[in-house]
Amino acid sequence: MGRYDELSPPIGWAAHVPAVITLDKVAKLAMKWMNDCDASHPKCAAGPPKLPKRLVDVRDGVRVVDTFVDAGVFPDEPYMTLSHCWGRESAAMYLLKTTQDTLYSNRQGIPWEAFPPLFQDVIKLVRALGCRYVWIDSLCIIQDDQEDWMAESVKMSEVYNNAVLNIAATGMRNSSVGLFRRRIHGQGFRDLMPSGAGAVDHSLETIEIQEAGEESPIFSRVSHDRSHEVLYGDMEYFRTPMEPLLSRAWVFQERLLSRRTLHFGASEILWECRTDCFCECTRIGDAHALSARNLNSEGLNQNVEAPGPESGLLEENPKASDEFHRDNLKTVTRFIRPKKVLFFDVCSGRSSALDFWLRAVEEYSFLYLSHERDRPFALAGIAERIQRLTGHVYLAGLWLPDLPRALLWSPCRSKKVFRAANRGIPSWSWMARNCFPHVQSSMCAARYKHVTQYGFVPDLRLEVHAEGTFCRYEHDNSFGLPVAGQIHISAASCWGTVEMVTDNKPGVRWNGRKDLCIMLEAGDDESPIPIPFLADCQGEDPSTVRLSERVLCVLIGSREAKEGASTPQYLLVLFPVDGHDGLWERIGFSETQDTATLMDDAQVREVKVV
Ligand SMILES: [Zn+2]
Ligand SMILES: [Zn+2]
C-alpha cells in the first residue's frame, strides 16, 4: 500500500473520460452545461448585449468584421471569446494576427489553411454551438497600432464579460495544437507508478477490469483532482506546466471577468461559471475538500463563508458514498470556493473586496507577462470592476482604504528581483519590481499571505494622511501605467544599518541572494538589535540593498494576537531620496521573528514615500 496511502481518497467513483475527445462530444457537453447554467444559475445571467469593435465572423468562410461600420451585424448577436497562450513566435510557429498591413485582407476573408490548428478547432466549435462570431485578441486588435491597442485593451474586461462563452485553451502552450487532441491521463501531476508488474502500463491510461461473469466492466484510472484544483484557491500552488494558460498574467482577468469559461484542460474539459464548476469526470464538486487539505490552508478563507446551498458545492453527491470521502468533508472546517464564484460574490458586495484584492494580487504577481509594461493593464479590468462597486481610490495596485495593510507586501526571496524598468511606478507599489527567470517572462512575485492569513493590526501611532497620498498615471488612465505617486504617513520609526548575516568576510561577492539584516539602533548605551531584512530588489548590486548604509525602519503594525502564538511586527524599510527633504523610497520589508516591542519608545515621524 505504502505510497498509495498518500492518495486519498484511494478509491472513488467518477465518469469515464475518453483519451481523445471529438468535436461532437465537446459540443454536446458544452451545450448541456450552457443550458444548465442558463436554466438554473441566475447569477450567470447575461447583461445588456454589447459588441466589441471587431469580431471574427465564422459563417460562410472566416473574416474579420467591424461591428461599428459593417452592415448585417446586429447589436444583440451573441459572440464567444478565446483565451489562449500566444507562445513564442518562431519560423515554425506563426501566430495569425491582424496588423495594419493585413487588416484589409483579413476583412475580405482569411483562407482556412492560414489558421493554426487551435484557431481551426475553435472556429469548428463556435459553429457547432450555433454561434456566428468569436473574438480572438490577435485578430480583433490591430497588433502594431499602439492607439488601437490602448483603446481595445482597456475594453477587454467588457469583451469577456459580454461574451456568451469563453473558450479557454487551458492545456495548450500555443496555437499549434488543436482542441480535440489526445489528453494526458494520470496527468503526470503525481508521480504514480503501479507496482504490480504488467498490471497497468506506465502511461496510466484508463484500464478496464472485468471479472468473468460480471455484467459490465469497471474502468480504473488516476483521479483528476489536480485538474479540479486549478479552478480553486490560490493559483500559485497550482501553476503547472500541464495547464500553461493558467500561468499567464493576462488570462487571470479573462477568466474572472468572463461570464463562463469552457476549459480544455490537459486531462479533461471543465466548466467554470459564476455559480459552479462542472467537469467531464463529474467529481469537481469535491475539489473544495481537496484544496483545503492540500493547501493546509487553515485560515486561508476565514473571511469567506461556507458555500450556501445555492452554490451546489455543499450538496452531498448522492453517488459519493465512500466513507472516506465523507469523513474527509467533515474534517474540512473552512471551505474554499472556486475563484470565479468568489469574485462574483465580491462584485455583488457579498464578500470583502479588499481581502479578495490582496489574494488576487499575490496570485497575479506570480503569473508570467511577456511585456513588463503590461503589468497594470492585465489587472485593470478587475480593478475597474472593484472601483465601480466600492468607489475606493486606486493607487497603483493598492486601495486607499486598505492602507496601511496593503503597503505590507513582502518580496519573494527565491527570485532575483530588479526594480521595474518604468521608474515612474512608486517604490511602495508591488508593481515596482520585476524578476525574470528567463527573458519574456516577467513576474513580480509579491506576497501578502502573512497579513491575509493571520490578521493584521496597525500600530496605534500610525496615521495615513489621505490628502498627501496620491498616484498619477500616463494618459490619465487611472488603471494604467503609474508615472508618480506618494504615500503620506506618520509612524513610529527607528534608524538602523543594513548588514549581511553570513559570509560577511572580505572577498565574498554579492550574488543577490545574501541573507540580510538590519542592526536597529536601540539607544545610546545599548547594543544594536538585529532584525531580518527582505530587500525589495535583491538582484542588482549591494548598493540597491543599501548594504552598510543607514536606513529608516517604520513600524506599520503587527500580526493579530492569538493565544499562545507570537505576534511579529511588520516594518517598511526606507531610504531618503537624494536632494528631497522628507521624501523616502521603500527599499524593503521586515517581519520580526517574534513578538517584538522594539519600537515602544520610538519617535513618531512624518514620512512621504514615493
Ligand atoms: Zn452558471
Ligand atoms: Zn473532473
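**The chain overall**

The model is predicted. Its chain has 610 residues, and 41% of them count as buried. The chain holds 14 helices and 26 strands. Among contacts with a separation of 6 or more, 72% join residues 24 or more positions apart.

Strand E5 covers residues 165–168. Leu-165 and Ile-167 point one way from the strand. Asn-166 and Ala-168 point the other way. All four of these residues are buried.

E5 pairs with strand E3, residues 79–83, in the parallel sense. E5 also pairs with strand E8, residues 260–264, again in the parallel sense. The table sets out both pairings.

| Pair | Sense | Bridges | A facing pair of residues |
|---|---|---|---|
| E3 and E5 | parallel | four bridges | Ser-83 and Ala-168 |
| E5 and E8 | parallel | three bridges | Asn-166 and Thr-261 |

**Helices H12 and H13**

Helix H12 spans residues 353–365, and helix H13 spans residues 377–390. Their axes come within 12 Å and cross at roughly 175 degrees. An angle over 145 degrees counts as roughly antiparallel, so H12 and H13 are roughly antiparallel to each other.

Which residues of H12 and H13 make the contact? H12 brings Ala-353, Trp-357, Ala-360 and Tyr-364. H13 brings Leu-379, Ile-382, Ile-386, Leu-389 and Thr-390. Eight of the contact residues are nonpolar, one is polar and none is charged.

Note on methods
Residues are numbered from 1 along each chain as its sequence is written. Chains are lettered from A and ligands numbered from 1 in the order in which they are written. This is a predicted model: local features need pLDDT of at least 70, side-chain atom pairs count only at pLDDT 80 or more; totals for chains, interfaces and linings use all residues. Axes are lines fitted to C-alpha atoms, for helices over the stretch in contact, and angles run from 0 to 180 degrees between N-to-C directions. Helices (H or I, at least four residues) and strands (E, at least two) are DSSP runs, numbered from the N terminus. Angles under 35 degrees count as roughly parallel, over 145 as roughly antiparallel, 65 to 115 as roughly perpendicular and the rest as oblique. Two residues are in contact if their C-beta atoms, placed from the backbone, lie within 7 Å. Ala, Val, Leu, Ile, Met, Phe, Trp, Tyr, Cys and Pro count as nonpolar, Asp, Glu, Lys and Arg as charged, and the others, Gly among them, as polar. A residue is buried if 20 or more other C-beta atoms lie within 10 Å of its own, exposed if 12 or fewer, and partly exposed in between; C-beta atoms are placed from the backbone. Two strands pair if DSSP finds at least two bridges between them.
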